[in-house]
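Subject: Structure handover

Hello,

Here is the structure we spoke about, with my notes below it. Please look through it before reading on.

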Amino acid sequence: QASKREEKQIAYTVCDPAAGRPFFMVFAFADAAGRVYVYDEYPNTPFEEMKNPKFTVADYARVVREKEAGRRVEQRIIDRHYANARNFSTGKSLRQEFEDDYNMDWGDSYRGGEEVETGILKVKTYMAYDKTRPIDSVNCPRLQISPTCTYTIRHIERWARDPKTGKVQDKFKDGADCDRYLCESEPKWTPSPFAGQAPA
């Protein structure tokens, strides 16, 4: 388990936006040993059954602030395909709305020709450990997901392709997409710039 000190020092927020259903988000932090912990998710209700909640960008910005809970945010990552498309009514992309209206910067999800395959390999790397030995602080997956993140776990376990078309099936892709973006960003623990300083 990561200490409360580590948890408070650095956070990563990842968002997979979509039309017609809620944005899926995961909230994670990294520790000094290179492990990444997904500590929360949004929504916290049965995602696959939900329709578009008619949330505005302001609503999602509020969710993000609440879930980050004052942690020092190292990086926010968003699906670059959806986030950079311009809204015809505002003339802005989703990223620009977050930045201009809510002072919230988001970085693009990773780039690459084979995005899904690259991300799957990265997640597998983070989840690898020696299964012939007991799990301990050294021999364990570097990606760990809180048991309370029900839908993130469900999506990881049930992610699949259509056997006929080879396309990724939509029902359980959102949480898995967030984990791909997270692992591809290679989260790292960094000490606070105020570490070691006496309080004023």
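How many bridges join β1 to β2, and do the two run parallel or antiparallel? Five bridges join them, and they run antiparallel. Two strands are taken as paired if DSSP finds at least two bridges between them. Helices (H or I, at least four residues) and strands (E, at least two) are DSSP runs, numbered from the N terminus.

Before the rest, some ground rules. This is a predicted model, in which local features need pLDDT of at least 70 and side-chain atom pairs count only at pLDDT 80 or more, while totals for chains, interfaces and linings use all residues. Residues are numbered from 1 along each chain as its sequence is written, and side-chain values use heavy atoms, with hydrogens and water left out.

Confidence. The protein chain has an average pLDDT (the predictor's confidence in each residue, from 0 to 100) of 84, and 88% of the residues score at least 70. Confidence is highest in helix α2 (residues 57-68), at a mean of 95, and lowest in helix α1 (residues 4-9), at 49. The pLDDT is below 50 over residues 194-200, a stretch with zero contacts (heavy atoms within 4.5 Å) beyond near neighbours in sequence. Where pLDDT is low, the predicted coordinates should not be read in detail.

Strand β1. On the β2 side, Asp-16 has Phe-24 as its bridge partner. Strand β4 (residues 73-78) is also joined to β1 by five bridges, but these two run parallel; here Val-14 is partnered by Ile-77. Six of the six residues of β1 (residues 11-16) are buried, so the strand is largely enclosed by the rest of the structure. Buried means under 20% relative accessible area, with a 1.4 Å probe and protein chains only. Ala-11, Thr-13 and Cys-15 point one way from β1, and Tyr-12, Val-14 and Asp-16 point the other way.

Cysteines. With a disulfide defined as a pair of cysteine sulfur atoms within 2.5 Å, the count is zero. Cys-15 is in no disulfide, as the nearest cysteine sulfur, that of Cys-178, is 6.6 Å away. Cys-15 has a relative accessible area of 0%, and Cys-140 is also buried, at 10%.

Helix α6. Tyr-151, Thr-152 and His-155 are buried in this helix (residues 150-158). Seen down the axis, the buried residues fall within an arc of 105 degrees, so they line one face of α6; the arc is that of the directions from the helix axis to the C-beta atoms. These residues pack against β2 (24-30), β3 (36-42), β6 (143-145) and α7 (174-184).

Regards

Conventions
Buried < 20%, exposed > 50% of the residue type's maximum accessible area, 1.4 Å probe, protein only.
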